[in-house]
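Visitor: I am new to this structure and would like to ask how its terms are applied. Please show it to me before we start.

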Amino acid sequence: QKIKEGLLKTRENLTSKIDSIVTIGRKIDEELLEELEEILILADIGISTTSKIIEGIRQKAKERKIYDASQIKELLAEEVYEILQKDVEPFTLTSPMVILNVGVNGVGKTTTIGKLAYLYKKEGKKVMLAAGDTFRAAAIDQLEIWAERVNCPIIKHQEGSDPASVIFDGIQASKARGIDILICDTAGRLHNKKNLMEELRKIRKVIDREYPEARVETFLVLDATTGQNALQQAKIFKEVSDITGIVLTKLDGTAKGGIVVAIKSELNVPIRYIGIGEGIEDLQAFDAKSFVSAIFQ
Ligand code: GDP
């Protein structure tokens, strides 16, 4: 239910427009598909993903001998579901685990870390935070506020210190205290790709050396309100690091929710969580089925 509310703008953007082209007696023909194509592109699904979807609908309609336009929404929902599900293994929590969060400033990275910590604690996990974005003092302070709110320990150094050494300390403290999940913040300065890559590589080396028993997940946090820009960021981060999952934030504030589909389709990295509000509980594990039904049903 909450996801439906969170995706209301996207739903209105897509569904009401689709409903308006599906007039009584209309058939699924090239003209209708062209109109649908335009709607999908405007909802930030992106040109290449949209073409793929339209082709899929054209084929399914032909195979199943579906002619009536009233069924176009079901066909579309099916196509979108297939894209979101393709090659995705369900996300399960194991212990010990290190989660690295990457993404540029302002996308909601700190908030997401706080929400994740809350979620995992609720599931009975022992969680610790590591303030690996040492570039900005504000980032460290913000994370500390979340640690207090969630009531979990945090490892931090001073501004300007080496991020890899913060993670190193986080690992030692996690081992000593029997922590299940260590959630790490990192700086996301995209304007210097080489530095970013080296910083992330160095952090990864420390984890692999100090904590080989831990499973490592790298979550890229993206702001859905930035639409196609989020897709561009994702492409760059995928080049410089080994992204294993995507968190899309601020879906509540945008009609551009189609970007979820574009990102999954173009990068083939699973969407793991979506942010649908500023509150501590406003992060949901991504589920393709509920996403699709929230925007199309
Ligand atoms: P950071 O710079 O990437 O660490 O970003 P912050 O975590 O500080 O978040 C930036 C702003 O986005 C804050 O005002 C957050 O409350 C807000 N924010 C984060 N996630 C969401 C979300 O899912 N929905 C909404 N509406 N706001 C969000």
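Visitor: Leaving aside its neighbours within four places in sequence, which residues is K238 in contact with?

Guide: K238 is in contact with I243, L267 and V269, its neighbours within four places in sequence being left aside. Contact means heavy atoms within 4.5 Å. This is a predicted model, in which local features need pLDDT of at least 70 and side-chain atom pairs count only at pLDDT 80 or more, while totals for chains, interfaces and linings use all residues. Residues are numbered from 1 along each chain as its sequence is written, and side-chain values use heavy atoms, with hydrogens and water left out.

Visitor: What makes K238 and L267 a polar contact?

Guide: A polar atom of the K238 side chain lies 2.9 Å from the backbone oxygen of L267. A polar contact is a pair of N or O atoms within 3.5 Å; within protein, one must be able to donate a hydrogen and the other to accept it, and residues adjacent in sequence count only if both atoms are side-chain atoms.

Visitor: Why is K238 called partly exposed?

Guide: The relative accessible area of K238 is 39%. Buried means under 20% relative accessible area, exposed over 50%, and partly exposed in between (1.4 Å probe, protein chains only). K238 is therefore partly exposed. K238 is found in helix α10 (residues 228–240); helices (H or I, at least four residues) and strands (E, at least two) are DSSP runs, numbered from the N terminus.

Visitor: Why is E199 called buried?

Guide: E199 has a relative accessible area of 15%, so it is buried. E199 lies in helix α9 (residues 193–210). Apart from neighbours within four places in sequence, E199 is in contact with P163, A187 and R189.

Visitor: What makes helix α11 mostly covered?

Guide: Eight of the nine residues of α11 (residues 259–267) are buried. Among them are I259, I263, K264 and L267. N268 follows α11 and has a positive phi, near 50°.

Visitor: How many residues has the largest nonpolar core?

Guide: That core has 84 residues, and those with the most contacts inside it are Y120, L129, L248 and I263. A nonpolar core is a set of buried Ala, Val, Leu, Ile, Met, Phe, Trp, Tyr and Cys residues joined through side-chain atoms within 4.5 Å. Helix α5 (residues 72–85) gives the largest share of this core, seven residues. Apart from it lies another core, of 19 residues, including M128 and I171.

Visitor: How far is an oxygen atom of the ligand from an N or O atom in the side chain of T111?

Guide: The distance is 2.5 Å. A polar backbone atom of G277 is 3.3 Å from an oxygen atom of the ligand. The protein covers 77% of the 590 Å² of accessible area that the ligand has on its own, by the Shrake-Rupley method with a 1.4 Å probe; for residues, only the protein chains shown count as cover.
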